[in-house]
Amino acid sequence: ERNLYNLYNYVESKEQFSIDERLMPRYLGESVVYLMKAEWEYPDDTHVASPATFDLLAQRPPAIIEFDQLYCTPDTSERRANRVREEFNSESCKVLFVGDDDLVSVTLADDFAGEVHMMDLDDRLHEFIEKHAPSVHRHKADFIFSGVPRELKETFDAIMLDPPWDS
């Protein structure tokens with residue numbers, strides 16, 4: 001760990017680097033150390049998505065690179081949905097998925113007590129979600145250029161973000 005902090009201090013002292021470039025090793029280094037520690041402490045703590053989730057997500061439309069879509073694994077989609085259920089599963093809760101190409105809203109919708117909303121630019125995702133999880137409230141919006149529509153502001157108990165990585 002001491003060598004890691006020496007690296008941080010060295011890079012942060014280089015004034016020719018931008019602030020982002022100087023902080024990147026710290027963020028990356030600390031993330032890697034945390035993930036390695038978690039893997040070491042919980043080596044068998046894995047999740048395998050249900051066959052239903054695998055089948056559902058296998059049908060999703062192909063990713064559009066221009067929209068910076070990069071699908072996570074079915075395991076990750078299901079784990080995200082499970083986490084939302086653990087934290088917010090009551091009839092009064094409203095959750096919003098901004099950029100839902102991972103389709104967590106779909107994996108959550110069937111057995112979530114509250115309201116599930118999604119906002120995305122991709123019409124194909126809206127059609128897929130309408131077909132496979134009609135209870136999900138769909139909102140078409142370009143989050144990067146227009147932000148959250150005024151009527152949706154301050155109405156959610158939780159918001160999960162998956163915006164384009166390259167914007």
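**A guided tour of the core and its salt bridges**

Begin with the largest nonpolar core of this predicted model, which has 21 residues; select V95, F97 and L108, the residues with the most contacts inside it. Next, colour the elements that give two or more residues to this core: α3 (51–58), α4 (74–88), β1 (94–98), α5 (104–109), β2 (115–120) and α6 (123–132). Of these, α5 gives the most, with 4 residues.

Now centre the view on L108. Leaving aside neighbours within four places in sequence, L108 is in contact with A81, V84, R85, V95, F97 and V116.

R85 belongs to helix α4 and D111 to the loop between α5 and β2, so the pair ties together parts that are 26 residues apart in sequence. R85 counts as buried, at 16% relative accessibility, whereas D111 is partly exposed at 47%.

The loop between α5 and β2 also holds G114, which is buried at 18% relative accessibility. Show its surroundings: beyond residues up to four places away in sequence, G114 touches N89, S90, E91 and C93. The C-alpha atoms of G114 and V95 are separated by 7.8 Å.

Finish with two further salt bridges, from the 6 found in the whole structure. R124 meets D122 at 2.8 Å, N to O; D122 is buried, at 3%. D123 pairs with K140, also at 2.8 Å, and this pair links helix α6 to strand β3 (residues 137–140).

Key:
Residues numbered from 1 in each chain as written. Predicted model: local features only at pLDDT ≥ 70, side-chain atom pairs only at ≥ 80, totals over all residues. Heavy atoms only, no water. Core = buried A, V, L, I, M, F, W, Y, C linked by side-chain atoms within 4.5 Å. Buried < 20%, exposed > 50% of the residue type's maximum accessible area, 1.4 Å probe, protein only. Contact = heavy atoms within 4.5 Å. Salt bridge = Lys/Arg side-chain N within 4 Å of Asp/Glu carboxyl O.
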